[in-house]
2 protein chains.
Amino acid sequence: MKRSPTVADVARLAGVSTATVSRCLNAPGTVRPGARAKVDSAIAELGYVPDGAARALASRRAGTIGAVVPTLENSIFAKGIHSLQNRLAAAANTLLLASSNYSLDQEEHEIRTLVSRGVDGLVLIGTSHRAPVYELLRRKSIPYVNTWTFDPRGPHPCVGFDNRQVAGRIARYLLDLGHRRIAMISGVTLDNDRASERVAGVERTMSDQGLLLQADWLIERPYSIVDGRTAFHHLMSSGPRPSAVICGNDVLALGAVFEAEAMGVDVPGDVSITGFDDLELASHISPSLTTARVPVEHMGIAAADYLISRISGRTFPERTELEVQLVVRETTGRAPDE
Amino acid sequence: MKRSPTVADVARLAGVSTATVSRCLNAPGTVRPGARAKVDSAIAELGYVPDGAARALASRRAGTIGAVVPTLENSIFAKGIHSLQNRLAAAANTLLLASSNYSLDQEEHEIRTLVSRGVDGLVLIGTSHRAPVYELLRRKSIPYVNTWTFDPRGPHPCVGFDNRQVAGRIARYLLDLGHRRIAMISGVTLDNDRASERVAGVERTMSDQGLLLQADWLIERPYSIVDGRTAFHHLMSSGPRPSAVICGNDVLALGAVFEAEAMGVDVPGDVSITGFDDLELASHISPSLTTARVPVEHMGIAAADYLISRISGRTFPERTELEVQLVVRETTGRAPDE
DNA sequence: TTTAACGATGTAAGCGTTTACAATGCAAGC
DNA sequence: GCTTGCATTGTAAACGCTTACATCGTTAAA
């Protein structure tokens, strides 16, 4: 296995200096066409591929962006990452991906790893991160952006929406339909500010109407279809039934809808169900799911653009609020008469 | 913004040489506990974080693995990547992710980028990749592994299953149920060896029974629910109806099942439908989907293990075949009487 | 024609690690 | 007490690239 060719090899073959070869790669405009042609053909002949590590070391620029998501198993994050990655690739950046499995401690660890890999920027999800993380990013002055969240008053750059406000809108919509017996199947709120904000939004909106989200009608479950099913089943088979169930995301809501069908509970006749995310599926199941459309593609793009701008010294709004639309479909209807 | 601390700073503060600091980081066993303690506290005091680029340059090891997937929008790939990433992280490797959007040319470009970023290994999907890609990997002797495919005779390391054979099993299963009028909604076969192998498997198995997969009963569509719906709709509304529809993956199959319900077509009474992948959803929709369970988690783990072994010089089987189970559920039944 | 200014190129000094090799100290063996 | 051998540490040379600076023609301005 012989050594890979280096700039020096290319330079020798092309009859120029290594500096010129480097310039051909990084600023082709600054080198005369004649020389450039010689270099290009030397590169082709040798099959030269620049060494990223050396390049990163010398230029203090890695060309990579890191992202830490809770999980890729929820396709809403996968879609967001897909969009982020495509936008980054278009700007010649590569994505380094890690997952936290919904643990802030693991997140901190993954972020440290990414930072030591030398990422130029970081995409995070949510607002709550361990203090040492923010400290590290500040000290190394690594640009970062929180996504899936929007906090106009917070100190951190963000691209997203106000989870509390959107959840509140869902609750208000149900209240307007006459629902009073409202239950919620939330995601696990520990280490998850989006989940707790959504709960808070529902609670706040209900209490504005003098209503209370009872403790036994607030169920926390991991985001999975099966958990949505069992939670819904539990809600429907113990004591008085709620007339509406707000789910922390679409996955839980899908579970609820499936379980309702299995139990013979009429949706929305007996009970209304709402989701959060608007997965592709939401519009196809029957009854189709009323939910909030999270602008994942847009979020990925905006996060990429923010970081790319920051890295190249350009300016970009520190906070971007994205619109979340309430998509009313068939799983919600007027509250049944008492 | 002051310079980040380097090994030299740590060494000075700890009163040792840079070599010792380096050893503390990479082979703690070889340095005396006393010295190690001093180094550790110096690291903590300075908040030192090693520079990945410099480390990669000096050690010829990046600690990163690249992966190129067609898309993350299909959650089956997202799950695979999730599993791969978790396994890699456990072995202190970071994942560099790119997507090809089902284009081999774009794949080649992304692979070149990853290679120049200095990945230690590469996870690819499928067997068909541009010749220059294989050539490049060979020349730079970068370990790689093809996933989602199993080719015992091919020259490439792989972890997966035989798409043709599994598709054939699905077809045979339907034939055994008495189906003769079989149609297929395939994914786009251009640049996608898994999709074309699946078609080939169905065709082969049918022709073994003297049957033909008619041209107008083989529809190619991008993998999306909507495309599954429209394709199914088309199949059911032009000319004689098939009694069974084999779908290239679960996403298409979900579309078909949803459309059947919308059209009032009875599944499996009027028509049987099969998928491929076994998404979480497949078992929850109604009727639940008969499909082939692709062992994504296992595939991610095995791919990670293969590369990690290769990189650390250990040996690992070049080809791993994973079992794919045919999961019979409610969307398939005996062919209706003629 | 002279001079200044500029564009293209080369020289060489890093960038922050790792690691081969040398040096040192120490315990054990004789 | 002298050797040996081992464990630990230090010295300094890569690793492959970018880029500040110097150099050298050339051209435009005066």
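**Close-up views of DNA strand C and the two protein chains**

**View 1. Backbone contacts to the phosphates of DNA strand C.** In this predicted model, a polar backbone atom of A:S17 lies 2.8 Å from a phosphate oxygen of DNA strand C. On the other chain, the corresponding kind of atom pair involves B:V7, where a polar backbone atom is 2.6 Å from a phosphate oxygen of DNA strand C.

View 2. A polar backbone atom of A:A58 is placed 3.5 Å from a base oxygen of DNA strand C.

**View 3. The protein surroundings of DNA strand C.** Among the atoms of DNA strand C that come within 4 Å of the protein, 62% belong to sugar and phosphate. By residue class, the surface near DNA strand C comprises 13 nonpolar, eight polar and five charged residues.

**View 4. The relation between chain A and chain B.** Chain B is superposed on chain A by a rotation of 180° with 0.0 Å of shift along its axis, at an RMSD of 0.1 Å, and this is the relation of a two-fold axis. Because 100% of the interface residues of chain B are also interface residues in chain A, the copies meet through the same surface.

Conventions
Residues are numbered from 1 along each chain as its sequence is written. Chains are lettered from A and ligands numbered from 1 in the order in which they are written. This is a predicted model: local features need pLDDT of at least 70, side-chain atom pairs count only at pLDDT 80 or more; totals for chains, interfaces and linings use all residues. Side-chain values use heavy atoms; hydrogens and water are left out. A residue is near a molecule or strand if one of its heavy atoms lies within 4 Å of it. A polar contact is a pair of N or O atoms within 3.5 Å; within protein, one must be able to donate a hydrogen and the other to accept it, and residues adjacent in sequence count only if both atoms are side-chain atoms. Ala, Val, Leu, Ile, Met, Phe, Trp, Tyr, Cys and Pro count as nonpolar, Asp, Glu, Lys and Arg as charged, and the others, Gly among them, as polar. Copies are superposed by least squares on the C-alpha atoms of residues with pLDDT of at least 70 in both. Contact means heavy atoms within 4.5 Å.
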